[in-house]
Amino acid sequence: MSTTAQDTDTPRAHCTVDADGRTTFRVALRSAGHPRLALVPRAKKNAPQQPTRLLDLEPHGDDGDLRAVLEPLPALAEGRWDAYLMRETDSVRERLRPGLRDLRALVDGNLRERPSPVAVRVPYATKDGFLAVRAWLRPAHAEAGRLDLADGAMTVHARLHGAEPSDGATALLRLRGDRDTTRSFPLRTDGSGFSFTVPFAELTGAAPGDQVWDVFLRPAADVPPVRIGRLLDDTADRKTVCVYPALTVGEAAARPYYTVDNDLAVEVTTVR
């Protein structure tokens with residue numbers, strides 16, 4: 001594929017994430033002014049607009065590149081943050097293209113204990129080829145691991161971060177659009193984590209037509225449920241990466257999947 005002049009002129013940022021959640025951006029730029037890297041949050045419906053995060057780009061090392069560091073704190077609000085270059089204090093923002101992304105420190109992120117609030121950042125390339133950061137920020141999080149599908153049921157292996165489960169902790173599936181329709185399933189302790197099994201037959205027939213059930217962990221009877229999902233690695237968008245088969249149960253088919261927020265859900269459709 002040929003490289004156009006516009007592609008050549010578009011600034012790129014290499015980035016590295018360390019095990020502490022610190023993200024370092026490096027831009028090949030020669031500037032005598034005050035260049036900055038801007039992380040601009042995308043607007044979210046029915047949510048207050050977050051302020052732009054500005055990071056100074058400063059010389060570092062002998063290669064002449066400029067470096068900006070996004071420290072773990074303060075945490076980014078949950079959502080997507082687009083990366084821009086500002087060559088001068090009042091200059092027009094320019095979208096940044098992604099360079100090399102070293103995300104090796106994120107691959108085994110589930111193996112480290114995460115305190116509350118659980119803050120996650122994953123740099124990624126957008127569908128139109130620009131650099132962005134996907135952020136999650138939750139009081140607690142249950143990280144899904146292996147999903148086993150067999151005999152009309154789903155067994156989920158997971159680990160809780162930012163909270164401690166009580167002896168009465170349960171898995172909870174909630175019918176999307178109807179908070180009062182839920183199904184509860186007992187937990188089994190599994191080393192440092194837990195597991196539970198959902199017979200899909202218990203999800204069918206709860207409402208007419210197709211349904212979606214969102215998957216939660218209730219750590220204790222008197223605390224809010226915690227979403228179960230996959231956040232603690234280097235994958236910003238899991239929905240099209242982890243694709244599971246559907247199991248036929250009676251006149252319905254059930255299939256687990258990850259939502260656009262990387263949360264676990266189960267889709268139940270009528271077999272026609």
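The following dialogue explains how to read several features of this predicted model.

Biologist: On what basis are the residues numbered, and which parts of the model count?

Modeller: Residues are numbered from 1 along each chain as its sequence is written. The model is predicted, and local features need pLDDT of at least 70, side-chain atom pairs count only at pLDDT 80 or more, totals for chains, interfaces and linings use all residues, and side-chain values use heavy atoms, with hydrogens and water left out.

Biologist: How many helices and strands does the protein have?

Modeller: Helices (H or I, at least four residues) and strands (E, at least two) are DSSP runs, numbered from the N terminus. Here the protein has 1 helix and 22 strands. Its C-alpha atoms fill a box of roughly 65 × 40 × 35 Å along the principal axes.

Biologist: What share of the residues is buried?

Modeller: A residue is buried under 20% relative accessible area, exposed over 50%, and partly exposed in between (1.4 Å probe, protein chains only). Of the 272 residues in the protein, 45% are buried. Accessible areas come from the Shrake-Rupley method with a 1.4 Å probe, and for residues only the protein chains shown count as cover. The protein exposes about 14200 Å², of which carbon and sulfur atoms supply 51%.

Biologist: Which strands pair with β1, and in what sense?

Modeller: Two strands pair if DSSP finds at least two bridges between them. β1 pairs with β9 (residues 97-102) in the parallel sense over 4 bridges, and the bridge partner of Arg12 in β9 is Arg97. With β2 (residues 23-27), β1 runs antiparallel, joined by 5 bridges. In β2, Val27 is the bridge partner of Ala13, and Phe25 is the bridge partner of Cys15. The hairpin of β1 and β2 has 5 residues between the strands, and Gly21 takes a positive phi near 90° there.

Biologist: In what order do the strands of this open sheet stand?

Modeller: The order of the 5 strands is β5-β6-β2-β1-β9, with mixed pairing. β5 (58-59) and β9 stand at the edges with a single partner strand each, so one side of each is left without a neighbour in the sheet.

Biologist: Why is strand β3 largely enclosed by the rest of the structure?

Modeller: In β3 (residues 36-41), 6 of the 6 residues are buried, so the strand is largely enclosed. Arg36, Ala38 and Val40 point one way, Leu37, Leu39 and Pro41 point the other way, and all are buried. β3 runs antiparallel to β4 (residues 53-56), with 4 bridges, and Leu37 has Leu55 as its bridge partner in β4. β3 also runs antiparallel to β7 (residues 79-86), with 6 bridges; in β7, Tyr84 is the bridge partner of Ala38.

Biologist: Which residues touch the most other members of the largest nonpolar core?

Modeller: A nonpolar core is a set of buried Ala, Val, Leu, Ile, Met, Phe, Trp, Tyr and Cys residues joined through side-chain atoms within 4.5 Å. The largest such core has 32 residues, and Phe200 and Val266 touch the most other members. Strand β13 (residues 153-161) gives the largest share of this core, 4 residues. Another core, of 21 residues, lies apart from it, and Leu37, Leu66, Ala68 and Leu85 are among its members.

Biologist: Which residues does Arg138 touch?

Modeller: Contact means heavy atoms within 4.5 Å. Not counting residues up to four places away in sequence, Arg138 touches Glu78, Pro117, Val118, Arg227, Leu231, Asp261 and Asp263. Arg138 lies in strand β11 (residues 131-138) and, at 12% relative accessibility, counts as buried.

Biologist: Where is Thr270 placed, and how far in space is it from Glu58?

Modeller: Thr270 is in strand β22 (residues 264-270) and is partly exposed, with a relative accessible area of 35%. Thr270 and Glu58 are 58 Å apart in space, C-alpha to C-alpha, and 212 residues apart in sequence. Leaving aside residues up to four places away in sequence, Thr270 touches Gly209, Asp210, Glu251 and Ala252.
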